[in-house]
Amino acid sequence: MLLHDVADRLNTVADHLPLPDQIQPDPALSEILDDEVRHLASLLTYLVGESAFRHRAAARYPTRVTATHRRTTLALAQAAEPTSAALAALGSAVHHLGLLADLTHQAPGPARTRAIASTYPGLVDRLGESRTCLARAAKQLRAAADTRAAPAVTAPSPPTASATASRTR
């Protein structure tokens, strides 16, 4: 349940990022990036903190560690890498957006047009990279959550003679 919840939260951040055809270098995008960077930083902090807490608990109480506990701890730690990559890509997107905002205040001309034309694809690419990293992290968490040891199936025991006799009365 925990892993699915974190995966859902990562997908929510990705869903709030604009798709390539929706990206406009305007103040609204700055607001979206501000919100989603905060959410993603919070999720990364949670992943790292929860992983560290579980690691410490396993070291202190090794007899209480189960295969599920180990698998969950590992999944949280593994999700930190693509989550941090998504955060880094969003940081780069903020940089590209800042460059584009600065370019709008420069005098119009061919140099400005070329600079905008070369900077805008970087913004689109970084937002796409972030979405891809978030999807990868969510997929890893869901796969770990869905990988469970199959419960032992026991054959039902045949009813005892006294139980059979009491049912026929």
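The exercises below work through the helices of a predicted model and a few of its residues.

In this predicted model, local features need pLDDT of at least 70 and side-chain atom pairs count only at pLDDT 80 or more, while totals for chains, interfaces and linings use all residues. Residues are numbered from 1 along each chain as its sequence is written, and side-chain values use heavy atoms, with hydrogens and water left out.

**Exercise 1. Describe the overall make-up of the protein chain, from its elements to its surface.**

Step 1. Helices (H or I, at least four residues) and strands (E, at least two) are taken as DSSP runs, numbered from the N terminus. On that basis the protein chain has five helices and zero strands, and its elements run α-α-α-α-α from the N terminus on.

Step 2. A residue is buried under 20% relative accessible area, exposed over 50% and partly exposed in between (1.4 Å probe, protein chains only). Of the 169 residues in the protein chain, 29% are buried.

Step 3. The accessible surface (Shrake-Rupley method, 1.4 Å probe; for residues, only the protein chains shown count as cover) comes to about 10500 Å², and carbon and sulfur atoms hold 59% of that surface.

Step 4. With contact meaning heavy atoms within 4.5 Å, residues 24 or more positions apart account for 81% of the contacts that have a separation of 6 or more.

**Exercise 2. Work out how helix α1 and helix α3 are placed, and which residues meet between α1 and α3.**

Step 1. Two packed helices are described by the angle between their axes and the distance between the axes. The axes are lines fitted to C-alpha atoms, for helices over the stretch in contact, and angles run from 0 to 180 degrees between N-to-C directions.

Step 2. The axes of α1 (residues 2-16) and α3 (residues 67-103) come within 11 Å and cross at roughly 10 degrees. Angles under 35 degrees count as roughly parallel, over 145 as roughly antiparallel, 65 to 115 as roughly perpendicular and the rest as oblique, and α1 and α3 are therefore roughly parallel to each other.

Step 3. From α1, Leu2, Leu3 and Leu10 meet Thr72, Ala75, Leu76 and Thr83 of α3. By class, this contact of α1 with α3 has five nonpolar, two polar and no charged residues, where Ala, Val, Leu, Ile, Met, Phe, Trp, Tyr, Cys and Pro count as nonpolar, Asp, Glu, Lys and Arg as charged, and the others, Gly among them, as polar.

**Exercise 3. Check the span of helix α2 and then find its buried residues and what covers them.**

Step 1. The expected span of a helix is 1.5 Å times one less than its number of residues. For the 34 residues of α2 (residues 27-60) the span should be 50 Å, and the end C-alpha atoms are 49 Å apart, which agrees.

Step 2. The buried residues of α2 are Leu29, Leu33, Glu36, Leu40, Leu43, Leu44, Leu47, Glu50, Ser51 and Arg54, and what covers them includes α1, α3 and α4 (110-146).

Step 3. Val48, which also lies in α2, counts as partly exposed at 46% relative accessibility. Val48 and Ala77 are 29 residues apart in sequence, and their C-alpha atoms are 6.6 Å apart in space.

**Exercise 4. Is Thr119 buried or exposed, and which residues does Thr119 touch?**

Step 1. Thr119 lies in helix α4 and, at 11% relative accessibility, counts as buried.

Step 2. Not counting residues up to four places away in sequence, Thr119 touches His96, Leu99, Leu100 and Leu103.
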